[in-house]
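Notebook open, viewer loaded. I'm going to look up a few side chains and jot down who sits next to whom.

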Amino acid sequence: MCCARRKRKPSCRFCSRPNGRCSTHQETGAGDDWQPYALIHLAKALLQIRSDRRWSDSIVNILASAPDALQRQSAAEALGDINAPAVTRALIAALDDSDALVRYHAGKGLLTRHGLATDAQETHSMLPRVMSQDAGRRESGKEQILAAIAG
């Protein structure tokens, strides 16, 4: 069957739970006018005013569940500047994203957050590897990034 004709189970566009919009997002009034780019910029601005986990969590949710690769890429870029354990876990998970640029920005954010220059000789090859179409090169790049941030 053609992938365009395949029916997918409806899922909540905010958290990817199956069966349409989940009860959490129905209660909060999240609707079809969801604007991830505006939410990313708003959350970053609010984080500059006051550190609150809700703001970084909203960007993490976009990275984890946005259907559009550019939305996930913007979220990965924004998370590179935020220092929180949940953000680190989200960026590590994003190293397995289907889009090369999302993986690149997740890797760059992880390296930057751990004080590693992304243009330095020792980290220079990691980012192109994690963007590779070849699964072996991609996995190698991911392992190198994880080893670099581990110390």
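First, a term I need: a residue is buried at under 20% relative accessible area, exposed at over 50%, and partly exposed in between (1.4 Å probe, protein chains only). I'm working on a predicted model, where local features need pLDDT of at least 70 and side-chain atom pairs count only at pLDDT 80 or more, while totals for chains, interfaces and linings use all residues. Residues are numbered from 1 along each chain as its sequence is written, and side-chain values use heavy atoms, with hydrogens and water left out.

**Entry: salt bridges**

I looked for salt bridges, meaning a side-chain nitrogen of Lys or Arg within 4 Å of a carboxyl oxygen of Asp or Glu. The structure has 6 of them.

I started with R53 and D57, whose closest N and O atoms are 3.2 Å apart. Both are in helix α3 (residues 53-65), and because they are 4 residues apart, about one helical turn separates them. (Helices are DSSP runs of H or I, at least four residues, and strands are runs of E, at least two, numbered from the N terminus.) R53 is exposed at 57%, whereas D57 is partly exposed at 24%.

Which parts of the chain does the pair D96 and K142 link? I found their side chains meeting in a salt bridge at 2.7 Å, N to O. The pair links distant parts of the chain: D96 is in the loop between α5 (85-94) and α6 (100-113), K142 is in helix α8, and they are 46 residues apart. D96 is partly exposed at 49%, but K142 counts as buried at 13%. Shared partners also join R50, D52 and R54 into one salt-bridge network. Within it, R50 and D52 have their closest N and O atoms 3.7 Å apart, and D52 is buried at 17%.

**Entry: around K142**

I noted that helix α8 covers residues 135-150. Skipping residues up to four places away in sequence, K142 touches L95, D96 and V130; contact here means heavy atoms within 4.5 Å.

**Entry: rings**

R54 came up again: its charged end sits over the ring of W55, 4.8 Å from the centre. For that, NZ of Lys or CZ of Arg must be within 6 Å of the ring centre and within 35 degrees of the ring normal.

**Entry: A75**

Is A75 buried or exposed? I found A75 buried, at 0% relative accessible area, in helix α4 (residues 69-79). Leaving out neighbours within four places in sequence, A75 contacts I40, I59, I62 and L63. I also checked Y37: 38 residues from A75 in sequence, with the C-alphas 8.2 Å apart.
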